[in-house]
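This report describes the strand pairing and helix packing of the structure shown below.

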Amino acid sequence: MHRVLAAITLAAAILVAAPAAVPPVLAQDQQEAAVAGVGPVGIVTRVAREARAERAQQAMALKPSDPVANEDRLTTGPGGRLQVALLDEGTLLLGENAELVVDDLVLGEDETALKMYVDGAFRLISGALRHAEGTQIVTPVATIGIRGTDVWGGVIDGAFSVFLVEGEVSVTTDAGTVILDTPGTGTTVPAADAPPTEPETWSDGKVRRAVATVTFP
C-alpha cells in the first residue's frame, strides 16, 4: 500500500503540468458539431519543438489555438511534445516521434465516446463527462478500453506498457485482457500476439521515466 500511494503521489506531482482546458467560448460554439460527431474535437494548447497535422492530404505545423478535427493525423518529431484540450474538457499529451489519429469523439448529454489510434508515448486525462462503453485507444500492439480515467502508455524498458494514474482501463491483445483498476499499477505488452502481464506496482524510478516521455521541457 505504501508503494502504491508513493506511485500515485509521484505521478500526480510530475504529471500536473496545468493542462489547459478548452476555452469556454470554443466549447460552446462547437458543442452542436461535437454532439453530431463533426467539426473540431479539440484545440492545441501547447507545442514543443516539432508537431504537425495532416488534414485532407495537406500538412501543416501546429501551434497553440489550432483546432484538431476527427481524422486529423497528428505527429511529433524528435524531442517534440503536443498537448491538446479535448471538447469534453479532457487533455491529451503526446511525446516525441508519436502519431495520433482521432477516429471519433462525440459528446452526449451525460457521456462522451472517444476512439483514437496512438503510436508513441501518450497520456490521456478524462474530461468532465464519463466515457461511454466502447471508448478505446488503439495502439500497434494493444487496445486500451477506458472509462473516466488518467492513463499513460508508451514504450519503456524495451516494451509497450500502460500505467494507471487514476480510474480503470482494460488492456487487450490477441492473446488476452488485463484490467488495471488500482492506481499506481501498470502492465507490459511484449507483442500484439502475447498477453499483457499481470498488473504490478511500478517503482518510483519507473514512474519518473514514464511520465518524462510526455512532460514538456
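## Basis

The model is predicted: local features need pLDDT of at least 70, side-chain atom pairs count only at pLDDT 80 or more, and totals for chains, interfaces and linings use all residues. Residues are numbered from 1 along each chain as its sequence is written, and side-chain values use heavy atoms, with hydrogens and water left out.

## Strand pairing

Strands β15 (residues 159-166) and β18 (residues 185-189) pair in the antiparallel sense over four bridges; pairing requires at least two DSSP bridges between two strands. Here S161 stands opposite T188 of β18. Helices (H or I, at least four residues) and strands (E, at least two) are DSSP runs, numbered from the N terminus.

Nine strands form an open antiparallel sheet in the order β4-β1-β6-β7-β10-β14-β15-β18-β19. Its edge strands, β4 (67-69) and β19 (200-201), each pair on one side only.

## Strand β10

Strand β10 (residues 122-125) is joined to β7 (residues 91-94) by four antiparallel bridges, with T91 opposite I125. Four bridges also join β10 to β14, again antiparallel, and R123 has W152 as its bridge partner in β14.

F122 and L124 point one way from β10, R123 and I125 the other way, and all are buried (under 20% relative accessible area, 1.4 Å probe, protein chains only).

## Helix α4

Helix α4 (residues 204-212) has K206, V207, A210 and V211 buried. Viewed down the axis of α4, these buried residues fall within an arc of 125 degrees, so they line one face of the helix; the arc is that of the directions from the helix axis to the C-beta atoms.

Technical notes:
Buried < 20%, exposed > 50% of the residue type's maximum accessible area, 1.4 Å probe, protein only.
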